[in-house]
Amino acid sequence: MLEVAIQEDAAVFLARAGDWLLEREDHNNLFLSLSYARAETGRTEDGATWAVVERDGSVVGCALRTPPHKVLLTEVPSVAIPALVRAFADRFDELPAVLGPVRSAEAFAIEWVGLRGGGWRPGMEQGVYRLDQVILPRGVSGRMRHARSGDVDMSIEWGEGFVRDTGVMFPTATSVVESWIEHGLLYVWEDEGRPVSITVAHGRTPRGVRIGYVYTPSEERGRGYASALVAEVSRSMLDQGCDFCVLYTDMANPTSNGIYRRIGYRLIEQVRDFDILPPEDP
């Protein structure tokens with residue numbers, strides 16, 4: 001028997017589904033890290049919603065939405081998709097998109113449109129990569145350092161460039177960037193005294209961490225800065241006790257995929273966004 005249970009409390013959700021998600025901790029890094037962060041703050045006022053799909057009392061899938069963002073899915077049995085969509089439709093009038101393993105995410109989008117109207121279209125296909133051992137690139141000029149308070153404006157400007165280049169949201173709020181710097185999460189590659197590339201190491205789970213928001217301004221590209229920075233940050237995370245690092249990358253970008261493979265990342269899963277288009281106004 002399949003059942004969909006809705007939770008509004010991240011800690012309660014993790015108590016039920018955390019062990020199941022940890023069985024594939026690398027695949028589920030994004031889901032787990034978002035849930036851990038919410039459990040730590042206890043925040044519940046913005047309508048954040050978790051769903052646990054169970055078969056005969058055992059967890060077989062999960063979904064998450066923190067408004068106004070998209071729905072995030074794990075693999076979900078196809079027979080459970082209609083009930084899962086109805087559960088989210090009871091709580092939300094509209095959804096911007098769904099992200100997850102292709103089969104489950106596409107089925108969710110189709111079912112939502114069938115229930116609520118509108119349309120859907122495939123979005124970015126992303127590769128989930130895992131690294132257990134770093135292969136450091138050779139011959140790249142410069143060094144890694146933690147971002148400093150004087151890097152805030154630059155990081156926000158480069159974050160806007162990241163959005164333009166990738167279409168992926170970068171949290172450009174000053175408070176977020178300042179918090180990253182305060183907690184030592186934002187890293188810079190510096191060459192001859194000038195910053196040339198940035199990345200963020202966040203999304204901690206018990207054994208892993210996620211590397212993201214890798215950006216090099218166009219005039220500094222082609223010199224290996226991003227490769228060197230991601231490699232050094234990944235090595236630092238392993239040295240600090242992580243068993244592995246994960247990152248997401250656009251499968252349509254052969255340059256970034258090649259960079260990450262050369263420094264030791266390997267593809268473990270492909271996920272995809274499906275945009276949900278609202279019904280047209282009459």
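Q: Which hand does the crossing of H1 and H2 have, left or right?
A: H1 passes H2 in a left-handed crossing. The term means that the near helix is turned anticlockwise from the far one by less than a right angle; clockwise would be right-handed. The model is predicted, so local features need pLDDT of at least 70 and side-chain atom pairs count only at pLDDT 80 or more, while totals for chains, interfaces and linings use all residues. Residues are numbered from 1 along each chain as its sequence is written, and side-chain values use heavy atoms, with hydrogens and water left out.

Q: Why is H1 called roughly antiparallel to H2?
A: Helix H1 (residues 10-22) and helix H2 (residues 29-41) pack at about 150°, with their axes 10 Å apart. That makes H1 roughly antiparallel to H2. The cut-offs are under 35 degrees for roughly parallel, over 145 for roughly antiparallel, 65 to 115 for roughly perpendicular, and oblique for the rest. Axes are lines fitted to C-alpha atoms, for helices over the stretch in contact, and angles run from 0 to 180 degrees between N-to-C directions. The contact (heavy atoms within 4.5 Å) includes Phe-13 and Leu-14 of H1 and Phe-31 and Leu-32 of H2.

Q: What makes H5 and H6 oblique to each other?
A: Their axes come within 10 Å and cross at roughly 120°. H5 and H6 are therefore oblique. The crossing is right-handed. Val-152, Ser-155 and Ile-156 of H5 meet Thr-174, Val-177, Glu-178 and Ile-181 of H6. Helices (H or I, at least four residues) and strands (E, at least two) are DSSP runs, numbered from the N terminus.

Q: How do you know that the buried residues of H6 are on the same side?
A: They are Val-177, Trp-180 and Ile-181. They cover an arc of only 100° around the axis, which puts them on the same side of H6. The arc is that of the directions from the helix axis to the C-beta atoms. These residues pack against helix H5 and strands E8, E9 and E10. On the other side, Ser-175 and Glu-182 are exposed.

Q: Why does Pro-171 count as buried?
A: Its relative accessibility is 19%. Buried means under 20% relative accessible area, exposed over 50%, and partly exposed in between (1.4 Å probe, protein chains only). Pro-171 therefore counts as buried. The residue lies in the loop between H5 and H6. Beyond four places in sequence, Pro-171 touches Val-176, Val-177, Trp-180 and Tyr-213.

Q: Why is Gly-208 called buried?
A: The relative accessible area of Gly-208 is 0%, so the residue is buried. Gly-208 sits in strand E10. Apart from residues up to four places away in sequence, Gly-208 touches Glu-25, Asn-29, Gly-203, Cys-242 and Phe-244.

Q: What makes Ser-256 a buried residue?
A: Its relative accessible area is 13%, so Ser-256 is buried. Ser-256 lies in helix H8 (residues 254-262).

Q: Which side chain makes a polar contact with the side chain of Ser-256?
A: Thr-249 does, at 2.9 Å. A polar contact is a pair of N or O atoms within 3.5 Å; within protein, one must be able to donate a hydrogen and the other to accept it, and residues adjacent in sequence count only if both atoms are side-chain atoms. Leaving aside neighbours within four places in sequence, Ser-256 is in contact with Thr-249 and Asp-250.
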